[in-house]
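Subject: Structure handover

Hello,

Here is the structure I said I would pass on. My notes on it follow below the display.

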Amino acid sequence: EAIGLYNLGQSCCLNSLLQVFLMNIRFTRILRRITVPSSPAQRRSSVPYQMLLLLEKMQCGKSKAVGPTELACCLSAHRVKLFVQHDAAQLFLTLWNLLKKQMKKPELVEELSDLYTICIQEHLACQKCSLEIKSNSTMLTLPLPVLDANSHRLKTLEDCLQYFFHPEELTGQNMCFCQQCGRKTTFLQSMKLIHLPQTLTLHLKRFCFERSSHTHKLSHSLPFPQELDLRQVLREDQCLADDSEKATWQYELFAVVAHSGSTSCGHYCAYIRSLTECKWYCFNDSEVCQVSWDDVKCTYGHSNLYWRETAYLLFYMKKHPQ
């Protein structure tokens, strides 16, 4: 049964992310196998252990909602501020890093990485000579722009993915120093996809930072599909994966963390598809209710409804994991 989490005071962002973690069966399978810290002080400061206690509290209790107080206190001890507005993408990264750092078993750390980590290769090619620089890196989320370089709106999630992997010419102030040429030159920068995890997290960059240091929210409509096949979205030259890897790049939408309101005064909730029941639920702090796909589609956004919910984080689950 889906259980809500009481708002402790501006903790809607934390509550939404905790629900996304704990409704993911593959994640809770890892969480249930952690080593329980030996001393009371270590248990109080262990994020994985406190998350496990919260999971058990949610599953064993008979109330419609529980309070994540002990976990919030634990996070506060690790410099995660309470009673402030958080950015869901940043807080997701903070939670994941704390989980990974505090899981003592190497095999669990590896499983956690396999569950969430995206592997890409960055290419830099000098446009004056033959110098080419390649470097592999991992990412927890794909940060997808919702506007192109000319500030035109991208119309679909597939457009955002295509644009993220589209080569970009680094000119003017963005030029790089070329060791072969001995001076700054124009480079072509591109990203190539190597590996995708079981749970793929996409970050729609809805918050736009202007030079005046003012931040505003981009609320225009951006549809996203229930089923996503990355083989159909990306071109061959945008991937560095073999056929067996690409065969697993078929995804189903698992969760949406949505933001309503403005950058200075907002609220988060989560829409999550139960993996056991295959039904959609809306987790709005202590309130949990079953919803339809049409309700989830309301988070696409709307230019004239600035305060309405817009999807901010999308979580996709592999249909056929290896």
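How many salt bridges does the rule find across the interface of domain 1 and domain 2? There is one. Please keep in mind that this is a predicted model.

**The two domains**

The chain is split into domain 1, residues 1-117, and domain 2, which is made of 141-166 and 199-321. Between their C-alpha centres the distance is 22 Å. Domain 1 puts 28 residues into the contact, and domain 2 puts in 32.

About 2300 Å² is buried between domain 1 and domain 2, with 64% of that area coming from carbon and sulfur atoms. On the domain 1 side, V20, M23 and Q85 account for 22% of the area buried against domain 2, more than any other three residues.

The salt bridge between K64 and E287 has an N to O distance of 2.9 Å. Polar contacts between the two domains come to ten residue pairs. The side of domain 1 that touches domain 2 draws at least two residues from each of β1 (4-5), α1 (12-22), α2 (25-31), α6 (88-102) and α7 (106-116). Helix α1 gives the largest share of that side, seven residues. By type, the residues on that side of domain 1 are 16 nonpolar, nine polar and three charged.

**Salt bridges in the whole structure**

Searching the whole structure gives eight salt bridges.

- E287 is partly exposed, at 46% relative accessible area.
- E227 and K319: the side chains meet at 3.2 Å, N to O. E227 belongs to strand β13 and K319 to the segment after β18, so the bridge ties together parts 92 residues apart in sequence. E227 is partly exposed at 49%, and K319 is also partly exposed, at 30%.
- E236 and K246: the closest N and O atoms are 3.2 Å apart.

Regards

Key: Residues are numbered from 1 along each chain as its sequence is written. This is a predicted model: local features need pLDDT of at least 70, side-chain atom pairs count only at pLDDT 80 or more; totals for chains, interfaces and linings use all residues. Side-chain values use heavy atoms; hydrogens and water are left out. Domain bounds come from an automatic or database domain assignment. Contact means heavy atoms within 4.5 Å. Buried area is the accessible area (1.4 Å probe) that two parts lose on being put together, summed over both. A salt bridge is a side-chain nitrogen of Lys or Arg within 4 Å of a carboxyl oxygen of Asp or Glu. A polar contact is a pair of N or O atoms within 3.5 Å; within protein, one must be able to donate a hydrogen and the other to accept it, and residues adjacent in sequence count only if both atoms are side-chain atoms. Helices (H or I, at least four residues) and strands (E, at least two) are DSSP runs, numbered from the N terminus. Ala, Val, Leu, Ile, Met, Phe, Trp, Tyr, Cys and Pro count as nonpolar, Asp, Glu, Lys and Arg as charged, and the others, Gly among them, as polar. Buried means under 20% relative accessible area, exposed over 50%, partly exposed in between (1.4 Å probe, protein chains only).
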